[in-house]
Amino acid sequence: MRSHPTPTGHREPVVSAVSGRTTVSATVEDLCQLIDPSRELVVAVTPLGHIRHVTDNVRSLLGFAPDELVGGSVFTQVHPDDLRRAQRWFALRVGRGQFRHRHKNGEWRWFYVTGTDVTAPAGGTERVLIARDIAVAVAARDECERLKAEIGRMEHFASLGLLAGGVAHDFNNLLTAVTAYASQALEEVNQPGVADALDHILKAAQRAADLAHGVVACVRRDSQERRAGQLAPVVGEALALLRPLIAKNVILETRLDAGAGVVVANGCQVHRVVLNLCHNALHAMKPAGGRLTVELTRVAAANAPAKLRAWRADAAVCLAVTDTGCGMGEEEQRRIFEPLFTTKSPHEGSGLGLAVVDRVVREHGGAVSVSSHPGQGSCFRVWFPLVTPPAAD
């Protein structure tokens, strides 16, 4: 008569022909010689789960000395989320299980555990457990799952890109008609107020056309033209288009340094950054209202983020958009730049605005950060590396 099969490559222990069970001393001795000490350890426990014996290699696998564990419960160091499952596994005498066990340094280690009932030297029954460290296998499995999710996400965005390209193309055709009719009306109108409104319509249509071109270029992986210049005029123009959307209970303050410094940027893309940040700020202040502050200043390199200093810029131009809205917690701040993550309802936002801001800023060699607290508003800061005129040329 033989016991149940042991793990692959392990010799089965000899079993008594009379009782059908091995003694603990013989089983532990056999298994200690057969296990891989770098990955496996042997534990003998009583029917109540108290540790009677553990192999010396527990020091290298879990950091404990054997005498620190002997006499204690086998469940003491099991992860709280796995404890009930481990107790059930032990009570039902199931053949195998996977559980996390605490290392002495506080880390959690995954172990694959098999067990069998044996006859104790003094009579009665106890269990012998073989625990194998499977941290490498678990890490590989998690990485595989992560890669699968990443591939699915990439496929999803590839589909979105194709859709966006088609929509942008049709949108650009409609804008051509809007621009043509607005230009014709501007030539024929004699009322200054109407002419000014039509001029804003033309500028907005041109920016929208640039945006559509940018979407198509992004889908095609084309590079977009960048020019050296001051950002103040671009930010000012974006805010001019934004003013009709600002509620009466919102106060807009602007402090734009016209001589903040020269940067190399795509005006349309910067325009998108300003509008996205301001739209989010306005939404955060609904319905109570508040104060929206937009600042453009020059910042010394020593006060810029580390990722910006890596570009070896002498200084930076900082765009700060501050609101007095609802603010955000730490968890939201960690995820706000993730594509499709949003705290808005489905009809209010797509979760792409801040992802676009992050991508545009990174493509310009800049950096973006957020400072926020629930109920105390938010401040988004965007840094663009400053260049000297020769570098701009």
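Me: How many salt bridges does the count come to by this rule?
Reply: The count comes to 11 salt bridges, where a salt bridge is a side-chain nitrogen of Lys or Arg within 4 Å of a carboxyl oxygen of Asp or Glu. Do keep in mind that this is a predicted model, so local features need pLDDT of at least 70 and side-chain atom pairs count only at pLDDT 80 or more, while totals for chains, interfaces and linings use all residues. Residues are numbered from 1 along each chain as its sequence is written, and side-chain values use heavy atoms, with hydrogens and water left out.

Me: What makes arginine 291 and glutamate 253 a salt bridge?
Reply: Their side chains meet at 2.3 Å, N to O, and the rule asks for within 4 Å, so the pair qualifies. This pair links distant parts of the chain: arginine 291 is in strand E9 (residues 290-300) and glutamate 253 in strand E7 (residues 250-256), 38 residues apart. Strands (E, at least two residues) and helices (H or I, at least four) are DSSP runs, numbered from the N terminus.

Me: Why is glutamate 253 called partly exposed?
Reply: Its relative accessible area is 26%. Buried means under 20% and exposed over 50%, with partly exposed in between (1.4 Å probe, protein chains only), so that is the label it gets. Arginine 291, at 33%, counts as partly exposed too.

Me: Which labels do aspartate 358 and arginine 362 get, buried or exposed?
Reply: One of each! Aspartate 358 has 18% relative accessible area and is therefore buried, whereas arginine 362, at 51%, counts as exposed. Their side chains meet in a salt bridge (3.1 Å, N to O), and both residues lie in helix H11 (residues 353-363), 4 residues apart, about one turn of the helix.

Me: What makes E7 an edge strand?
Reply: The open sheet of 5 strands has the order E7-E9-E10-E12-E11, with mixed pairing. E7 and strand E11 (367-372) each have a single partner strand, so one side of each is left without a neighbour in the sheet.

Technical notes:
Pairing = 2+ DSSP bridges.
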